[in-house]
Amino acid sequence: MNKRLLLSAMVLSSLLLPVARLTAQSSGRDMLYYDKVDEEEAKQNARNSASVDEADAVLFSSSKIDWRKGTFTSNVSMDIVKAGIPMPSGKNAAVNKIKMELPVLIKDPLLSIYVDDTRTLSDMVLDGSLTLEELTRIIDNAKETPAYFKNGGDRLLTEHTIRLEDIGSLFVKHKSPYTQQKPIARIASRAYTGIVIDARGMLPVHGEFVESLVDPCLFPKVYDSNMTLVYERNMVDPKIASKQGINSYFTDVNDKDFEKRVGDDPLWITAEQVFGVYRCDPVISNEDYLRIATVPENLKLLQQGKIAILLGKEQIAHRVSAPDKSTSYYMDFTKLKYVFEDLVPTTIRDGGPGLVIRIDDLNFVADSAELLPADKERVGIIALQIKDVVSSGKYRIQVDGHTADVNKPTGQMQLSVDRANSIVNIMTAIGIDKDIISSRGYGGTKPIGDNSTSEGRAANRRVEITIMPPDSYVQRR
């Protein structure tokens, strides 16, 4: 046996031995776990997630987002025959039913929208920055077309459109913009009417050895090559940021609204890199940053939000999917919840993209991605339970690494990536297909504890494993 195979065998053995002991201790209880699974409760949860089986569905919704137009549009239909609503006398009742069910139908696709480079709307709900009541009010007040019949009167359809600016305005909290300080370095420049950042095509990801397309979000940041923050929402006049967002996205410079945003003589900049967990933030050269920052009139452009970002068509406008959280998904969730309650000290919840398992207070060798033996055993136990669920072939796995914040953002980001990958290595060692696993690192950008205390820093050193069901472009209720 060569050294690599021997090493793999040793790692696998070290993981399986403690798991075998625990499995033996609990083998008589397996049926108890399964008996606790309430299929009716799972079906109700699937209904609440707009993921009922198609054969049982009465309402259907499909959504698309257009960052150029600033719209999130959902096409909603009701199967009148299945609903058992008599027509034409019951049309008003059917319309009211659609309106009542709309927030549930479009909630999950809507929550997948990127707010910034590390957070989705779902994240904002989880951390308390956004309430579902606020989101429901926006849904209720959005534009809706009159309902009409299709397919010989068997289907009642309507189109519902939300302005992305209405969502973004919920997060504009500052009262006045702040202005970048003039840099010490100077460069020859002049006043422009706006700023255009061409971020089309694949770009190197700052701090990583990969490339990525740039994705749009409600509040992109712009950095220079030294990671100086060039632009972010708090630099923009809050009235402008609330009304029209802090930038516009375009694919075509001949767009009729392009000149409205950046004028007829904009500064043209080509993005050199992209940054952020969600790859939303263009990175420009230090020279281009100086072209902006050394001229007071150009700094004023930042306050006025006169920024246009050019992206590819596939990033600007596309259909929006959501996790298909079926009855079987919620049954698997319940099974794992009971297993983890008895086997390992960890937490599990039904999160936005799927079933989230949070492994708290992981202990690594200092400043490295190597787990200490006890924690390697702990992760192995969790991985074996996950393997049992994902063996059905219908799930994907996302591993997210987090660190405490010790004011070393670049180093923390890379360390969190490396630590997430160390968890991936354990999962693949016990036989989980590496092709269904992806990983990413957040550094210290998503704390759950106070970084000024040792307890808070320990809480922030964590890994979250998300078991994700297939995505669906149609929500069913």
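Analyst: The answers below concern a predicted model and proceed from the whole chain to individual elements.

User: What share of the residues is buried, and what share of the contacts joins residues 24 or more positions apart?

Analyst: Buried residues make up 50% of the 477 residues. Among contacts with a separation of 6 or more, 76% are between residues 24 or more positions apart. The accessible surface comes to about 22,700 Å², and carbon and sulfur atoms account for 51% of that area.

User: How far apart are the mean positions of the positive and negative charges?

Analyst: The chain has 60 positive and 65 negative charges, and their mean positions are 2 Å apart.

User: Why is Thr118 called buried?

Analyst: The cut-off for a buried residue is under 20% relative accessible area. Thr118 has a relative accessibility of 8%, and therefore counts as buried. Thr118 is located in the loop between helix 5 and helix 6 (121–126). Leaving aside residues up to four places away in sequence, Thr118 touches Asp123, Val277, Tyr278, Tyr442, Thr445 and Lys446.

User: How do you know that the buried residues of helix 7 are on the same side?

Analyst: The buried residues of helix 7 (residues 132–141) are Leu135, Ile138 and Ile139. They cover an arc of only 100 degrees around the axis, so they lie on the same side of helix 7. In general, an α-helix has 3.6 residues a turn, so residues three or four places apart point the same way. The face turned away from the buried side of helix 7 carries the exposed residues Glu133 and Asn141. The cover over the buried residues of helix 7 includes helix 5 (91–111), strand 5 (155–163) and helix 8 (164–168).

User: Which residues of helix 12 are buried, and what covers them?

Analyst: Within helix 12 (residues 296–303), the residues Asn298, Leu299, Leu301, Leu302 and Gln303 are buried. Their cover includes strand 6 (195–198), strand 10 (229–231), helix 9 (238–244), helix 11 (286–293) and strand 15 (307–310). Just after helix 12, Gly305 adopts a positive phi of about 65 degrees.

Conventions. Residues numbered from 1 in each chain as written. Predicted model: local features only at pLDDT ≥ 70, side-chain atom pairs only at ≥ 80, totals over all residues. Heavy atoms only, no water. Buried < 20%, exposed > 50% of the residue type's maximum accessible area, 1.4 Å probe, protein only. Contact = heavy atoms within 4.5 Å. Areas by Shrake-Rupley, 256 points an atom, 1.4 Å probe, with all protein chains shown as cover. Lys, Arg positive; Asp, Glu negative; His and termini not counted. Charge placed at Lys NZ, Arg CZ, Asp CG, Glu CD. Helix = DSSP H or I, 4+ residues; strand = E, 2+ residues; numbered from the N terminus. Arc of directions from axis to C-beta.
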